[in-house]
Amino acid sequence: MSLWETVRIAVRALSRNTLRSFLTALGIIIGVGAVIAMVAIGEGAKARVEEAFASMGTNLLVLMPGSSASRGVFGGSGSLPTLTWADLKAIQEEVTDVRQAAPYLRTTAQVVSEEQNWTTSVCGTTPEYFDIRSWPMSSGAAFTSSDVDTGAKVAVLGRTVVDKLYGPNADPVGQAVRIKNMPFQVVGVMVRKGQSPTGQDYDDAVLIPVSTYRAKIQGGLQNYIAGSVFVSAVSSDATARTERRVRALLRDRHHLSPEAEDDFQIRNLTEIASAQQEGTRTLTTLLASIAAVSLLVGGIGIMNIMLVSVTERTREIGVRMAVGAKPRHILAQFLVEALSLSVLGGFAGVGLGLLAANRLAAQFGWPMLMRADIILIALGFSGLVGVGFGLYPAHRASRLDPIEALRYE
Amino acid sequence: MEPLIVLDRVTRIYRMGDVEVRALDDVSLSVEVGGFVAIMGASGSGKSTLMNLIGCLDRPTSGRYLLEGQEVSRLGRDALAEIRNRMLGFVFQSFNLLTRTSAVENVELPLIYAGVPAAERRRRAAEALRRVGLDGRLDHHPSQLSGGQQQRVAIARALVTQPRVILADEPTGNLDSRTSVEVMALLTDLNAAGLTVVLVTHEPDIAACAGRVVRMQDGRIHSDERRAAAAVGAAAPREARP
Ligand SMILES: Nc1ncnc2c1ncn2[C@@H]1O[C@H](COP(=O)(O)OP(=O)(O)OP(=O)(O)O)[C@@H](O)[C@H]1O
Ligand SMILES: [Mg+2]
């Protein structure tokens with residue numbers, strides 16, 4: 001008796017009780033659906049984080065003043081100032097593997113064009129910053145080192161700022177913009193970068209030479225860097241090594257005793273990324289538990305229904321045995337029935353999971369990613385549940401005594 | 001000629017706790033190829049037990065059973081299933097057709113387990129149904145057939161594997177007298193075509209179709225008479241039963 005024959009008989013038996021079969025398979029459907037949704041969410045979040053990595057620049061370290069106990073605001077100027085301009089120079093010149101380093105001083109200020117005004121981040125930095133962040137211009141050019149040397153009143157605008165001040169398709173290069181009521185000339189517009197992992201809009205910023213920032217925007221604290229320092233290492237392999245070297249250099253320069261805590265922080269982007277993934281992990285864990293419980297309950301449901309089915313069909317089993325079915329034929333019949341139930345449930349679950357993943361991806365704004373191997377694994381797993389929980393009822397059916405089965409009312 | 005069925009001092013004891021029921025007690029019986037045997041006897045005398053043994057659905061507690069010269073009383077479940085499939089055909093009192101399954105598919109059932117390919121299966125099942133006079137009813141389900149028609153489907157199912165023996169335990173027990181006559185005519189025809197038939201009945205006029213009547217009493221063979229078989233329906237007409 002062929003396998004195909006067995007499958008045909010099983011599917012027919014299931015289709016005689018469509019509603020019951022569906023309800024029985026529901027546990028598997030939900031379980032597999034949860035697995036699929038879970039993986040899609042995990043993959044989507046991962047892709048999003050990787051994308052964010054790429055947009056933040058490669059091999060990036062961010063240095064902030066203040067100990068980790070007095071956590072400074074990222075890129076802000078509120079924390080205790082401990083990093084000096086001399087520190088920055090030392091990092092640039094003394095640490096091997098440092099490709100570039102740029103200061104990043106930031107405040108919130110109003111910027112005004114001819115018609116509009118907009119409150120945004122105004123940041124003082126050096127031309128290296130654009131390179132560190134791999135952030136090219138969509139029009140115009142970045143300010144130069146000589147702009148920094150002379151303290152020129154020039155500005156590079158993020159795309160969001162351009163949209164707000166000049167309109168969506170405008171190119172304001174060459175025009176004037178007022179920052180804190182001082183006239184600046186727009187020299188460049190940066191390409192759109194999108195959102196940071198924390199949902200902050202990278203393009204909502206105006207960048208000016210750090211010397212101009214210090215002279216015109218900031219007041220006091222001139223020996224200290226009232227912000228952070230972006231450092232790029234020569235390669236991603238060198239990032240951790242660079243982090244160690246920068247730390248050693250700064251501890252030495254700040255005369256910290258071995259037991260003293262750092263009076264600065266170095267953020268490696270992997271940390272930020274892992275914090276970001278933490279959020280999706282909760283959701284993933286929840287879905288994984290739903291999946292596990294559903295598959296277990298689904299399996300028990302299948303076992304239950306198969307036991308009922310064996311009892312209901314005792315006479316049928318007797319007839320089949322009388323006309324020549326061997327115990328293994330009966331075993332195969334009920335096993336394949338349980339298997340078909342769970343695998344069909346698995347297919348429905350994959351459909352449901354993909355649907356859910358699609359909705360979630362749309363909601364969170366990340367790419368819809370699905371791995372074919374996960375679908376196969378999920379289907380394989382549902383099959384395993386079917387065989388695992390179908391084995392006992394099928395075995396019972398195959399051990400029935402033909403005479404008693406035939407006599408069963 | 002070598003007998004087809006040889007029971008040699010067969011005993012079948014049912015044990016229920018401490019109680020022992022001797023359903024068959026030292027029974028010896030042989031049936032030749034082409035024989036037509038009716039087994040009669042009071043309720044509980046062991047007729048069905050005997051049929052189950054002959055049908056390889058059960059094994060004797062002691063004694064030997066030779067089917068076509070082969071000792072089958074000690075075979076395992078798989079081997080017995082194969083013998084049932086190849087050599088025996090069953091007809092039950094309660095038809096035992098699969099519900100919600102068409103006549104032709106019911107008849108195909110033994111061929112599935114014989115490993116016959118689908119197309120040939122269908123052809124042979126249709127042929128068997130034609131032989132029992134149901135060629136117009138291939139796709140009818142049991143619930144769409146009369147009792148007599150259902151029993152004829154069951155007979156077709158018993159024949160389809162071309163077995164050596166048809167075993168019928170009270171095949172007319174659920175039928176009225178007119179359809180009983182039809183079913184008996186069919187069995188008589190099959191016997192005339194060379195098939196060995198063993199049937200259990202309570203009805204003397206059904207037993208009259210057989211060339212040999214074995215009477216059971218308390219698990220033993222009480223009498224075993226051979227005579228010329230009467231024509232079907234030739235016995236005194238009875239009142240139609242409900
Ligand atoms: N599975 C069983 N367990 C215990 N005792 C049984 C079993 N099957 C049959 N018996 C006993 O064996 C004896 C013979 O039963 P059997 O069914 O062979 O009778 P029968 O001649 O076919 O009767 P009927 O005409 O009512 O069908 C009876 O006493 C019955 O109670
Ligand atoms: Mg009986």
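Modeller: Two strands pair if DSSP finds at least two bridges between them. The elements are DSSP runs numbered from the N terminus: helices are H or I over at least four residues, strands are E over at least two. This is a predicted model, where local features need pLDDT of at least 70 and side-chain atom pairs count only at pLDDT 80 or more, while totals for chains, interfaces and linings use all residues. Residues are numbered from 1 along each chain as its sequence is written, chains are lettered from A and ligands numbered from 1 in the order in which they are written, and side-chain values use heavy atoms, with hydrogens and water left out.

Colleague: Which residue in β10(B) does Q217(B) stand opposite?

Modeller: Q217(B) faces R220(B) there. The two strands involved, β9(B) (residues 212–217) and β10(B), are antiparallel and share six bridges.

Colleague: And in what order do the strands of that open sheet of chain B run?

Modeller: The order is β6-β7-β8-β3-β9-β10, six strands in chain B with mixed pairing. At its edges are β6 (88–91) and β10 (220–226) of chain B, each pairing on one side only. From one strand to the next, the twist averages 15 degrees.

Colleague: Which helices lie across β6 and β7 of chain B?

Modeller: For angles, axes are lines fitted to C-alpha atoms, for helices over the stretch in contact, and the angle between N-to-C directions runs from 0 to 180 degrees; contact means heavy atoms within 4.5 Å. Helix α2(B) (residues 77–87) lies across β6(B) and β7(B) (165–169), at about 80 degrees to β6(B). Helix α5(B) (residues 147–159) also lies across β6(B) and β7(B), and runs at about 170 degrees to β6(B).

Colleague: How should I read the four-strand sheet of chain B?

Modeller: It is open and antiparallel, in the order β2-β1-β4-β5. The edges are β2 (19–31) and β5 (70–71) of chain B; each has a single partner strand, so one side of each is left without a neighbour in the sheet. Strand β1(B) (residues 5–16) is joined to β2(B) by nine antiparallel bridges, and I5(B) has V31(B) of β2(B) as its bridge partner. Helix α1(B) (residues 47–54) packs on this sheet, touching β1, β2 and β4 (62–67) of chain B, with a direction about 120 degrees from that of β1(B).

Colleague: What happens along β4(B)?

Modeller: β4(B) is joined to β1(B) by five antiparallel bridges, with R64(B) in β4(B) as the partner of D8(B). β4(B) also pairs with β5(B), antiparallel over two bridges, where L66(B) partners E71(B). The hairpin of β4(B) and β5(B) has two residues between the strands, and E68(B) takes a positive phi near 50 degrees in it.

Colleague: How many salt bridges does the rule find over all chains?

Modeller: The rule asks for a side-chain nitrogen of Lys or Arg within 4 Å of a carboxyl oxygen of Asp or Glu, and the count over all chains is 35. One example joins R12(B) and D58(B), with 2.8 Å from N to O. This pair links distant parts of the chain, 46 residues apart: R12(B) is in β1(B), and D58(B) is in the loop between α1 and β4 of chain B.

Colleague: Now the interface: how much area is buried between chain A and chain B?

Modeller: Buried area is the accessible area (1.4 Å probe) that two parts lose on being put together, summed over both. Here it is about 2,300 Å², with carbon and sulfur atoms giving 52%. On the chain A side, R16(A), V323(A) and I403(A) lose the most, together 24% of what that side buries. The contact takes 27 residues from chain A and 25 residues from chain B.

Colleague: How many salt bridges cross it?

Modeller: Three cross between chain A and chain B. R121(B) forms a salt bridge with E5(A), where the closest N and O atoms are 3.0 Å apart. On the side of chain A that touches chain B, the elements giving two or more residues are α1 (3–15), α10 (314–322), α11 (327–364) and α13 (402–407) of chain A. The largest share, six residues, comes from α10(A).
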